[in-house]
Amino acid sequence: MSGIVENNILRSSGTVAVSAAGLSWSDTIITGSTATVEAGNGYWVNTTSNTCTITLPSSAEAGDQIVIIDYARTWGTNKIIIDSNGLNYQGNDDTYTVEYSTDGQSVNIVYSDATKGWLPLEDDVTANEPVAPNQAVFAFGANAAGDKVSMSNLVNLNGVVATDVTGVGTSRNRIVGANYGGDKGIFFGGSDASARTGVSNLVSNVGVIASDTSAVATARSGAAGTGYGDNLAVFAYGYDTDYGNKRNLVNSSGVIASDASVAGGTSRSSTQGARYGTGTAIIAYGTGSSLNVSNLVNSSGAVASDTTGVGTASYGKAAASYGGDKAFFAYGWTASVISIKNLVSNIGVVGSDVTGVGTARGYPSAASLGSFQTAICAFGRPSGMTNVSNLVNSSGVIATDQTGVGTARQELGATEFGS
């Protein structure tokens, strides 16, 4: 191959070996379906478009070394195949198939002898590239005229809310969002122009909301939604023909499972949920009557029985994670709109009321930002509709109102994406 940056020394046998300073590295990225490599060199292999068969030298001496690296983190999609070219590989002859098929993998092989042949010194997976902190999106809701709307507003890492994007699935309100798949989101349920619905809309890792997915779960409004586990989500409770305690798990591909019952939890709607701790979540408050119960969600998505007496009984609140492992609930309705927050510790304990945290309102929504360190609450209904927002810092302190952007509305959903 051409394009090798030399960094070798001459062995006593007259052949070239790797110097103490390291291998010689190719300055040409391998992109083809086949490549022949030489001892003493390192190679970048890009399998974005195809698999690649790597042919090793037909002869080798003890200590010969070759390194091959997944250039584009695509070996999981298009693998590499090692052809040991007549020599043994880990003690197996050339008739055996040797494949590497993990994104981000690097293979560092050294030749031993005729018995064992080429042996991996390392075949590690390197840590993924730095992950951009998550952003958020608000979507759907009901405007000041009472119309259900189909619009969304992206939120950047600094909590700046963008202008409306219209036409993102069936217009509806009393909808809920949740984060799943590590870097994506999903909206579920709500009430459209004629009835409650069970449709859902996936949100990509760049915040694009997909068209409707037909219902699997029971059509209902006012459910709680939250991520849990490593990359899963759950929707629970809500109103169908009455206040309910149904639960639907969401897998890492965004597929909603059929209904199951919540064991021991009070049937209700207008409730909310958020992650806390590691892999766990909490659902709290709501209405059948105004409630101040909470239910912990374990890392398998099981919703526990009620814990009572967690702040002022209320409904129509916003909830999100902050500080990486804690959560908050804020605003809502009692007999009137309230400006109250309740912080949740990293073991799921709900704190007492803290008052005076921005404009009192009901049915806002909230989502986390910046790797779940901070958050934003926005929109809702004070007396009319509002589009104000309030940032939440990594200590759970809710800032004063920010002037609104986007159509004023309530009963909308929010979810994170891109984490």
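Which residue forms a salt bridge with Lys184? Read on through these close-ups of a predicted model.

**View A. Lys184 pairs up with Asp183.** The partner is Asp183, and the closest N and O atoms of this salt bridge sit 2.6 Å apart. Asp183 is buried, with a relative accessible area of 17%, while Lys184 is partly exposed at 24%.

**View B. Glu411 and Arg174 join two loops.** Here the side chains of Glu411 and Arg174 meet in a salt bridge, 2.9 Å from N to O. Glu411 comes from the loop between strands 34 and 35, and Arg174 from the loop between strands 16 and 17, so the pair ties together parts that are 237 residues apart in sequence. Glu411 counts as buried at 8% relative accessibility; Arg174, at 32%, is partly exposed.

**View C. Lys246 meets Asp240.** This is another salt bridge, again between side chains, with 2.9 Å from N to O. Asp240 counts as buried at 15% relative accessibility, and Lys246 as partly exposed at 25%. The count for the model comes to five salt bridges.

**View D. Strands 27 and 28 make a hairpin.** Strand 27 covers residues 318-322, and it pairs with strand 28 (residues 326-330) in the antiparallel sense over five bridges. Look for Ala318 opposite Ala330. Three residues lie between the two strands, and Gly323 in the turn has a positive phi of about 65°.

**View E. Strand 27 is covered on both faces.** In a regular strand, side chains alternate between the two faces of the sheet. On one side of strand 27 you'll find Ala318, Ala320 and Tyr322, on the other Ala319 and Ser321, and all are buried.

Terms used. Residues numbered from 1 in each chain as written. Predicted model: local features only at pLDDT ≥ 70, side-chain atom pairs only at ≥ 80, totals over all residues. Heavy atoms only, no water. Buried < 20%, exposed > 50% of the residue type's maximum accessible area, 1.4 Å probe, protein only. Helix = DSSP H or I, 4+ residues; strand = E, 2+ residues; numbered from the N terminus. Pairing = 2+ DSSP bridges. Salt bridge = Lys/Arg side-chain N within 4 Å of Asp/Glu carboxyl O.
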